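Hello,

Here is the structure we talked about. Please open it first, then read the notes below.

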Amino acid sequence: QLHAEMTLAETAAIWKAKSCCAVVLDPHTAEILVMASWPGYDPNRPAEIAVPAWKNRPLVEMYEPGSTFKPFIIAWALEQGLLRRDEVFDCENGAYRMGRRLLHDHHRYGTLNVTDILVKSSNIGMAKIGERLTNSRLHEAARVFGFGAPTGIALPGELPGKLRPLSDWNSYSTGSVPMGQEIAVTPLQMAVAYGALANGGELIAPRLLKRDPETGSTASPVVSRLISEDNARWLCEGPLVDVVTRGTGKKAQLPRYRVFGKSGTAQKPDPVTGKYSNRLHVSSFICGAPADRPRAVVVVSVDEPSTPGEHFGGTIAAPAAATILSQALERLRVPTTDQIATTPATDGEIIE
């Protein structure tokens, strides 16, 4: 917790951010290992606490997730049998017309397979997958992964995010939702949803206590199975690892672990015009490791970085997420990749 808070303070100073927060979650138990916010406060001096510092940001900060939302749409399309892992999409050299709307990619991509749509974060590729799912299944995907409802963590003030009724969606939604627009999430919701990808497809309610104080149970409450273990493992060990090794998440690499991850750079509404701002962003990154059996999932969200230049999540939030993830794996004593490869197993001993 202390290490995460120090990392957030350093990140905020470097990028001159309005605020930032982090969550670390054990994906197999949904235990919250870290829940940190910046700016913070000294609880010994309550009279000096500024109003913004009282917020538990992982529970109450609502923002459009941007590209970090894309893996859920891919996962749901695979699960519905509407998408194949090896499919290739024409990304139209960076410009695609959907009705009255002209949709753009950051780069001019030609044909991309499903993996590279995630690795290169193609909005056009995601929009075409959204067209195949249609609005009803896109809405279903957001709902089943827990968005639009509180996670149920035993803390006061948790916000549910925002998932509009399907009746309010239109043709714009078909292209916007797959790229993480028109929906608002909290960092805790994102941690829980990525935890489902990391644990093999089960949505588990998050918790702060190892033992239920009423029942005495130490079992983790599984809310539902979302996707097959095979699809979940493919996403975490394939495309999301490639995001880190050769895509937008390179700054989240760790030398002794295979890390999966996804970056997000979401535009915020301009408070004056109400339209998307070109200068106000939420930069986020979500990662976990080891990719073949994740022990920790980390979410870092940085609100309104204000240094000159681009505010990509892979640039601003990924280094902080990697630092926090590395510390978490060390504290959990998770064997590194080389330790697993070189440690001989004896009879009756399982090396993890």
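Helices are DSSP runs of H or I with at least four residues, strands are E runs of at least two, and both are numbered from the N terminus. The expected span of a helix is 1.5 Å times one less than its number of residues.

This is a predicted model, where local features need pLDDT of at least 70, side-chain atom pairs count only at pLDDT 80 or more, and totals for chains, interfaces and linings use all residues. Residues are numbered from 1 along each chain as its sequence is written, and side-chain values use heavy atoms, without hydrogens or water.

Helix H7 covers residues 187-198. Its twelve residues should span 16 Å, and the end C-alpha atoms are 16 Å apart, so the two agree. Twelve of the twelve residues in H7 are buried (under 20% relative accessible area with a 1.4 Å probe, protein chains only; exposed is over 50%, partly exposed in between). Among them are Pro187, Met190 and Tyr194. Just after H7, glycine 200 has a positive phi of about 105°.

How many cavities of 30 Å³ or more does a search of the whole structure find? One. A cavity is a set of points on a 1 Å grid over the protein atoms alone where a 1.4 Å probe fits but cannot get out; lining residues have an atom within 4 Å of a point. The volume is the space filled by probe spheres set on the points, which are joined across faces, edges and corners.

The largest cavity holds about 30 Å³. Its lining includes Leu25, Pro27, Val192, Gly195, Ala196 and Glu202. H7 gives the most, with three residues.

Best wishes

How values were computed. On a 1 Å grid over the protein atoms alone, a cavity is a set of points where a 1.4 Å probe fits but cannot get out, and a pocket is an open set with protein on both sides within 12 Å along at least five of seven lines; lining residues have an atom within 4 Å of a point.
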